[in-house]
Amino acid sequence: MEKAKYIWMDGKLVDWDKAQVHVLTHTLHYGNGVFEGTRAYQTADGLAIYKLKEHTKRLFNSAKITAIKPNFTIEEMEKAHVELLQSNDFKGNVYLRPLIFLGYGVMGVHHVNAPVHSMIAAWEWGAYLGEEGLENGIKVMTSSIVRNSIRSNFGKAKAVANYLNSQMAKYEAIEAGFEEALMLDDNGFAAEGTGECLFIVRDGKLISPPNDNSLESITQATVLELADDMGIPVERRNITRDEIYICDEAFFTGTAAEVTPINSLDNRVIGNGKRGEMTEKLQSAYFDVVFGRNEKYKHYLTYI
Ligand SMILES: Cc1ncc(COP(=O)(O)O)c(C=O)c1O
């Protein structure tokens, strides 16, 4: 990760190297914090944040779910994203990481008296699963780690604590020589990747699991809108791992991962082992949207 000039912290722009916290920061010990992963792209009309409103709304929903009272309003946080990008001098595409966390002052599990802080960092970041991955797809394994159960974790929240689950699944997959993990839910159906939602294509139909056991993905919503534009039939239903082995195409969606084809699962080659035809169409349409080349979707862009 390349350093930028400033990080936004509680209403101020702070030098990158000075954006620090105390070692007794509550979130560091007990894991209650909420965050977003947002992207800004260099469009023909300059840098623009994709779906800023949707990401900020989800950030505040996550805070509500985890009983954190944000110390800024939604409008203030949206403005802060813009201010941060204006103050840094980015030449490439940017990843933004807002985080609302509990700070130093109170120890113990009961969190409500801990001070609340907000920060946003931004840096230039390329394809999360690699340029090569976007073109030729990635090798995925089904994880032995089950996706956080909705009985005990809050899957609608992009909560810091949820990512131990993702981290362990990702670690297992990378150590085993794969590029990403697919986690199953409590019932053995495909849930999601460690930071992505799943789509498969079978007989011309686009299929994605319901969001009961996956984050309500902002990228997934865009892909579903694009599929509707293209007249592609869509099903939202459970998918088993063996159905993925025999599907025609599969891909992951996520703000970081964008639209990344999956070329194999558990060493079973999917389709022809390359980026599928429908995947390529949707991926290309997705990039048109985020780079401001599709008029219909320009309202999702916040120009800096
Ligand atoms: C666990 C998980 N699932 C799915 C996604 C995809 O969500 P989005 O498209 O909103 O980035 C993410 C990334 O935020 C994630 O962390």
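**Exercise 1: Domains**

The centres of domain 1 and domain 2, taken over C-alpha atoms, are 26 Å apart. The model is a predicted one, in which local features need pLDDT of at least 70 and side-chain atom pairs count only at pLDDT 80 or more, while totals for chains, interfaces and linings use all residues. Residues are numbered from 1 along each chain as its sequence is written, and side-chain values use heavy atoms, with hydrogens and water left out.

Task: State the bounds of the two domains and how many residues of each are in contact with the other.

Solution. 
1. The assignment, which is automatic or from a database, places domain 1 at 6-124 and domain 2 at 131-290.
2. Contact (heavy atoms within 4.5 Å) links 21 residues of domain 1 with 21 residues of domain 2.

**Exercise 2: The largest pocket**

Solution. 
1. A pocket is an open set of points on a 1 Å grid over the protein atoms alone, where a 1.4 Å probe fits, with protein on both sides within 12 Å along at least five of seven lines; lining residues have an atom within 4 Å of a point.
2. The volume, meaning the space filled by probe spheres set on the points, which are joined across faces, edges and corners, is about 690 Å³ for the largest pocket.
3. Its lining has 35 residues, with Phe-35, Lys-158, Tyr-163, Thr-194 and Gly-195 nearest the centre.

**Exercise 3: The largest nonpolar core**

Task: Which members of the largest nonpolar core touch the most other members?

Solution. 
1. A nonpolar core joins buried (under 20% relative accessible area, 1.4 Å probe, protein chains only) Ala, Val, Leu, Ile, Met, Phe, Trp, Tyr and Cys residues through side-chain atoms within 4.5 Å.
2. Among the 36 residues of this core, Leu-85, Val-94 and Leu-96 touch the most other members.
3. A second, separate core has 26 residues, including Leu-224 and Tyr-286.

Notes
Buried means under 20% relative accessible area, exposed over 50%, partly exposed in between (1.4 Å probe, protein chains only).
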